[in-house]
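Please look over the model below before reading on. The text that follows takes a few places in turn.

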Amino acid sequence: MRCFKLSARGVAAPAFSSAATPVARPRRFTGASGIRRAALSAVVALFLPVPLLSVAQTADKWPSRPITYVVPFTPGGSTDVIGRVIAQKLGEALGQPVIVDNRPGAAGAVGAAFVAKAKPDGYTLFGGTISTHAINASLYKSLPYDPVKDFDPISLVAFLPNVLIVDPNLGVNSVAELIALLKKDPSRRTFASSGAGTSTHLAGEMLGDMIGVKLTHIPYKGTPPAMLDVSSGQVTFMFDQITAALPLVQGGKLKLLAVTSAKRMALAPELPTMQEAGVKGFEMASWQAVYAPKGLPAPIAQRLSAEINKILLTPEVKDKLSNQLGMEVVAGSPAQLAALMQKEIPRWSELVRKSGARAD
């Protein structure tokens, strides 16, 4: 206790605070007091770098065991496909297995909450989406995680537009004809989605808001049952990914009317955008990204971002995600992903407010 008291007093003492202090003043550092001060300086110098050294040492040893990549949706969807492509290639690059762990539920909120509580040591990654890190923030009254405060952005992956889908027997051949039907016949004002809180849900809400018609949302547990009811005429229309719809379109069971992105898709260049089809200002593309729990050491975050960007820009991966799944692979830095979230969260919050959409 005595040593601590003297050290504290020594640190606080103003050694050269007065202009009238004689030049000989530094002699006060000699003797027992000077020795104690020198010892204190040595101790401070010894301990200050320890946190920085431990972070660097942690990064040098990482990864020393398998990494878990959490996908917050069921197997087979776009987030799952992306996760498995990244996991395989990232494991090869890092020399450790990257294991995909599917934790579906509540538009991705179940998996996101799990990762938010995980240790930020580089051994848990998250396949985030427009739902988990933008839409859910306002759609759920009580969200068990904070998309900004609980996560470190690692890399933007891709944008994925949806397409407007109807039953071929509905009798409409364009977006304009569908809108006319919705305005004329209240019994047809229904739309399906792959789940409450998904981009497919909010796309339907956006259309209703823009054309001034109150639509009834019918959520399903996944895309297949939703498309089945649209193809049978039980629900009027839905928005979803083109790759999920193509088999039924080719079989004559579904019809595509438009794409939600600002420009046409390479997979279906003949398909007009919603804006070209007459719904001015309608632009929407869901997005995919990679996150880690908040507090990830900077060297690990930087390496993960660099490795994932390299993977995404290889011809093999770009071909799989672009040509086979209809995605626009963009990659991107943590800062770019953070900037996207700053724009998207308030955008969807405003639509949720106006539409009255709720998921709980």
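Apart from neighbours within four places in sequence, Ser333 is in contact with Ile154 and Ser305. The model that shows this is a predicted one. Ser333 sits in a loop, with strand S11 (328-329) on one side and helix H13 (334-355) on the other. Asn309 lies 24 residues from Ser333 in sequence, and the C-alpha atoms of the two are 8.2 Å apart in space. Is Ser333 buried or partly exposed? The relative accessibility of Ser333 is 27%, so Ser333 counts as partly exposed; a buried residue would have to be under 20%.

Now turn to helix H4, which covers residues 78-94. Helix H4 has 17 residues, and at 1.5 Å a residue they should span 24 Å. The expected value takes 1.5 Å times one less than the number of residues. Just after H4 comes Gly95, which takes a positive phi of about 80 degrees.

Helix H9 (residues 223-231) is the next stop. Its buried residues are Thr223, Ala226, Met227, Asp229, Val230 and Ser231.

Notes:
Residues are numbered from 1 along each chain as its sequence is written. This is a predicted model: local features need pLDDT of at least 70, side-chain atom pairs count only at pLDDT 80 or more; totals for chains, interfaces and linings use all residues. Side-chain values use heavy atoms; hydrogens and water are left out. Helices (H or I, at least four residues) and strands (E, at least two) are DSSP runs, numbered from the N terminus. Buried means under 20% relative accessible area, exposed over 50%, partly exposed in between (1.4 Å probe, protein chains only). Contact means heavy atoms within 4.5 Å.
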